[in-house]
Amino acid sequence: MTVFPEDFTWGAATAAYQIEGAAAEDGRGPSVWDDFCRTPGKVLNGDTGDVAVDHYHRYRDDVALMAELGLSAYRFSISWSRVLPDGAGAPNPAGLDFYRRLVDELLEAGVQPWPTLYHWDLPSALEKAGGWPERDTAHRFADYAALVHQALGDRVRHWTTVNEPWCAAFLGYASGEHAPGRRDAAASLDAAHHLMVGHGLAVQAMRAQQPGNRFGAAVNLYAVSPATDDPADLDAARRIDGLQNRFFLDPLLLGRYPEDVLADLEPFGFAPADAGTIAQPLDQLGVNYYTRHTVSGVPGEATQAVSSPFSAHSPWVGAEHVRFVPGGRPVTGMGWEIDAPGLRETLARVAREYPAVPLYVTENGAGYDEHLNGDGTVHDAGRVAYLDAHLRACHGAIADGVPLRGYFTWSLLDNFEWAWGYSKRFGLVHVDYATQRRVPKDSARWYAEVIRRGAL
Ligand code: FCB
């Protein structure tokens with residue numbers, strides 16, 4: 001039997017824009033995702049998060065579902081523009097109150113609240129003022145973090161600042177596949193840096209208020225392999241690992257950007273003092289893991305790095321000649337290769353190459369295009385197999401000595417999958433988007449049983 005430590009955290013994750021809906025209710029201001037969804041051609045089928053899965057009104061039922069599953073923790077994100085409609089200035093009491101009620105409900109149900117302060121929904125007013133490429137946004141983020149933490153810090157112990165800064169910076173500002181949809185390589189690097197600075201400033205501000213809380217960020221890490229041992233492929237793997245993994249891990253945990261990546265990215269630069277601001281001591285690091293990148297280099301050829309239905313621009317600033325090639329593994333409904341050993345490898349690598357910090361898998365899961373059967377069942381054997389394999393990888397990492405303390409599956413509920421709209425379902429729980437009816441899938445029952453036994 002594959003038994004997990006007794007105090008292992010068993011969770012599921014969501015994000016505000018993907019589930020809340022109530023986009024224009026109770027004083028919420030618009031975010032870049034509201035604007036992006038209204039830009040023709042940006043989101044599949046013109047879908048929006050206006051209603052999403054109506055979690056804003058149904059949070060009590062959703063917390064009851066979590067309790068039924070036996071979750072020990074729930075990772076959700078806070079909508080900045082619900083709390084501060086203009087991104088700064090006067091808070092919206094109804095917005096803060098929603099998160100107070102959610103936290104109370106969770107605590108009452110015995111589920112630990114794990115809020116993330118930024119899961120990509122920048123208030124539109126701040127984007128109008130320049131967005132993440134502007135340094136001021138990092139300061140506004142720290143003010144917002146302090147405000148939310150002031151309201152909830154007495155009852156919430158674990159705090160995540162930013163989610164997947166790679167996506168926010170490079171999909172948002174370089175390839176334009178995500179909000180705000182800009183295509184400006186230089187701006188995307190400044191955005192990445194300011195997301196990091198914002199993280200550091202927010203940790204400083206929150207820690208000053210409640211030193212006993214636990215603070216961290218959630219980064220999307222990938223296993224990266226060269227297609228062959230040809231030097232061009234090895235260099236491609238170095239670049240992609242550099243941009244995807246080390247460009248965030250190094251400043252967060254080592255207090256510097258990787259030299260080789262800085263050389264690739266010249267003339268990108270930053271104020272030296274920022275390195276110290278970013279590298280606040282962390283109490284936890286969130287690792288979001290989905291797949292492996294296999295890459296090859298084509299010397300002298302300016303091939304686009306990724307295939308994207310939305311844009312011919314690449315998020316791989318400084319590595320536009322790198323090609324992403326199939327690694328020969330089965331794929332999920334997203335077309336992402338399933339590579340559970342890559343999770344063990346990724347966790348071991350973080351533990352080996354960086355100072356010790358408690359690790360949590362803050363996202364891991366599989367998206368498919370699934371259907372509810374007439375008898376009210378959803379047989380999602382693919383998801384069960386995916387989760388089983390990745391939890392075994394987590395168990396293996398713990399056996400290797402990795403300080404892995406918990407696992408959050410993405411996602412609790414089917415939801416708005418960004419540029420894919422509602423076409424991809426990641427939930428343990430099926431949602432009928434017309435009626436909002438929730439139906440636990442086979443994977444929900446399976447996960448509940450794993451949690452109950454603490455073992456696979
Ligand atoms: C991650 C995001 C999350 C979800 C999953 C599938 O990159 O953080 O919101 O969309 O991918």
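I took rings of Phe, Tyr and Trp (for Trp, its six-membered ring) as paired if their centres lie within 6.5 Å, with planes under 30 degrees apart counted as stacked, over 60 as edge-to-face and the rest as tilted. The model is predicted, so I noted that local features need pLDDT of at least 70, that side-chain atom pairs count only at pLDDT 80 or more, and that totals for chains, interfaces and linings use all residues. Residues are numbered from 1 along each chain as its sequence is written, and side-chain values use heavy atoms, with hydrogens and water left out.

**Entry 1.** I searched the whole structure and found 43 aromatic pairs. I looked up Trp-33 and Phe-36: their planes stand at 75 degrees with the centres 5.0 Å apart, so this pair is edge-to-face. Both residues lie in helix 2 (residues 32-37), 3 residues apart, about one turn of the helix; helices are DSSP runs (H or I, at least four residues), numbered from the N terminus.

**Entry 2.** I checked burial, where buried means under 20% relative accessible area, exposed over 50% and partly exposed in between (1.4 Å probe, protein chains only). Trp-33 is buried at 0% relative accessibility, and Phe-36 is buried at 3%.

**Entry 3.** I then examined Phe-247 and Phe-248, an edge-to-face pair with 5.5 Å centre to centre and 85 degrees between the planes. Phe-247 is buried at 1% relative accessibility, and Phe-248 is buried with a relative accessible area of 1%. Ring pairs link both into a cluster whose members include Trp-166, Tyr-257 and Trp-316.

Note on methods. Helices (H or I, at least four residues) and strands (E, at least two) are DSSP runs, numbered from the N terminus.
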